[in-house]
Amino acid sequence: MIIRQIHVTPVAFRDPPLLNAAGVHEPWALRTIVEVVTDQGLTGLGETYGDLDHLGKVRTCAQALIGLDVHATNTMYARIAAFLGAPEPGTTATETGTTPGPFTVATNPKERTGKRTGARTGERTKERTRERTRERTVDRVFSPFDVACLDIRGKAAGVPVSDLLGGRVRDAVPYSAYLFYKWAGHPDEQQPDRFGAALDAAGIVEQARLLIDEYGFESIKLKGGVHPPDEEIAAIRALHEAFPGVPLRLDPNAAWTVETSIRVGRELDGVLQYLEDPTAGIPGMAEVAAAVPMPLATNMCVVTPEHFPPAMAATRAIGVLLLDHHYWGGLVRSAHIAAMCDAFGLAMSMHSNSHLGISLAAMTHLAAATPNLTFACDTHTPWQDGQDVIQPGTLHFTNGAVPVPTAPGLGVDLDRDALAVMNEQYEKCGIVARNDTSYMQRFTPTFTAKRPRW
């Protein structure tokens with residue numbers, strides 16, 4: 001099955017004002033939809049980030065994949081690495097005579113022509129250069145093509161993608177209620193959104209009730225790093241009282257010092273299922289992990305395979321890894337990471353960012369076929385409030401879990417009318433890259449995203 005065409009479509013959809021350590025979500029979230037078309041008429045779908053720089057890379061690399069067989073994913077990965085000026089695995093940028101850096105290709109009126117910008121080497125090691133290249137470019141760009149090709153291969157074989165990943169070990173994948181401190185609505189809008197404000201413990205509990213009533217979630221995660229730690233401790237305790245027995249997680253996105261992280265961890269002993277990224281970096285996380293009673297989780301300090309040895313050495317820095325196929329290089333490479341976690345004895349959950357249904361389908365197939373992914377996954381699906389690019393009805397939540405699609409491939413189909421609408425929204429929204437910090441500073445000029453904050 002030879003790739004004949006690849007369509008890359010940027011989209012934008014409405015996003016509520018969700019607060020976090022970096023600022024607040026803008027009114028529009030961006031994604032990129034990838035369609036891979038073969039000579040046999042089969043089409044596969046992928047979804048990835050929508051920022052302009054990433055969109056340019058995806059469009060440029062798509063042209064390098066025309067003519068390849070959908071099974072030739074190693075060749076695809078190598079071609080993408082070559083197009084991005086990235087070294088092959090096992091070499092460094094310096095050894096290959098290239099320097100990685102961001103660039104864009106002008107393929108539509110919204111895109112700006114850019115130049116490669118060499119990374120400063122200084123005292124950075126060659127190993128760190130390779131890590132940055134893989135994490136920020138090749139794996140992220142390769143991911144939607146990997147998913148799309150698996151979608152095609154599943155359709156051709158008449159089996160769901162989960163079967164191509166080893167077969168599902170669970171028939172439904174549990175997700176958690178992902179709570180955010182939030183404004184009632186965006187300041188420039190006259191009416192609040194349907195979720196309402198959640199600026200204190202009472203608002204967070206009310207938000208949790210709304211999401212649990214609508215989706216049936218059986219675990220809860222709170223995005224922290226917004227208010228002073230004592231206020232977020234109070235919110236977690238309020239959730240614990242309102243929902244006894246429901247597992248709770250707190251994620252301040254490395255907004256705390258080591259000392260603050262230890263204090264919060266100890267105060268929430270017996271309350272938290274795990275504490276996610278309380279402080280920055282592997283050394284800091286290791287210090288906290290040795291001093292708190294619950295496991296630490298991350299999607300920030302272990303994001304490439306090279307991070308595993310230092311994170312596991314001596315005092316283990318983490319006990320739970322949040323997998324994310326969007327930056328680990330697709331579904332197959334994420335399965336490899338799951339095997340590494342199994343070898344190191346790490347538990348697993350799944351990270352989420354603002355996403356649409358193609359990503360939710362891919363996440364569900366991956367989680368279904370990953371035996372050691374035993375914690376409920378994160379998802380932003382409720383915050384989409386029904387917006388999507390896939391045909392409705394395929395994916396749904398039952399008791400907080402998404403039944404694994406059994407149709408061939410991902411089991412979802414594009415809603416082309418919705419895709420056209422969201423593409424038009426992208427063209428008109430005026431946002432080309434997510435920037436929570438600058439948006440927050442429009443309304444709170446003194447805001448800073450400097451971390452640690454407390």
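This briefing covers a sheet, a helix lying across it and a pair of helices. The structure is a predicted model, in which local features need pLDDT of at least 70, side-chain atom pairs count only at pLDDT 80 or more, and totals for chains, interfaces and linings use all residues. Residues are numbered from 1 along each chain as its sequence is written, and side-chain values use heavy atoms, without hydrogens and water. Helices (H or I, at least four residues) and strands (E, at least two) are DSSP runs, numbered from the N terminus.

**The sheet**

- Seven strands form an open sheet with parallel pairing, in the order β7-β8-β9-β10-β11-β12-β13; two strands pair if DSSP finds at least two bridges between them.
- Because β7 (177–180) and β13 (347–350) stand at the edges with a single partner strand each, one side of each has no neighbour in the sheet.
- From one strand to the next, the twist averages 25 degrees.
- Strands β10 (residues 274–276) and β11 (residues 296–298) run parallel and are joined by two bridges.
- Opposite Glu276 stands Ala297 in β11.

**A helix across the sheet**

- Helix α6 (residues 201–215) lies across β7 and β8 (220–223), at about 150 degrees to β7; axes are lines fitted to C-alpha atoms, for helices over the stretch in contact, and angles run from 0 to 180 degrees between N-to-C directions.

**Helices α7 and α8**

- The axes of α7 (residues 229–242) and α8 (residues 258–267) come within 11 Å and cross at roughly 20 degrees.
- That angle makes α7 roughly parallel to α8 (angles under 35 degrees count as roughly parallel).
- Pro229, Asp230, Ile233 and Arg237 in α7 meet Thr260, Arg263, Val264 and Glu267 in α8, where contact means heavy atoms within 4.5 Å.

Technical notes
Parallel < 35°, antiparallel > 145°, perpendicular 65-115°, else oblique.
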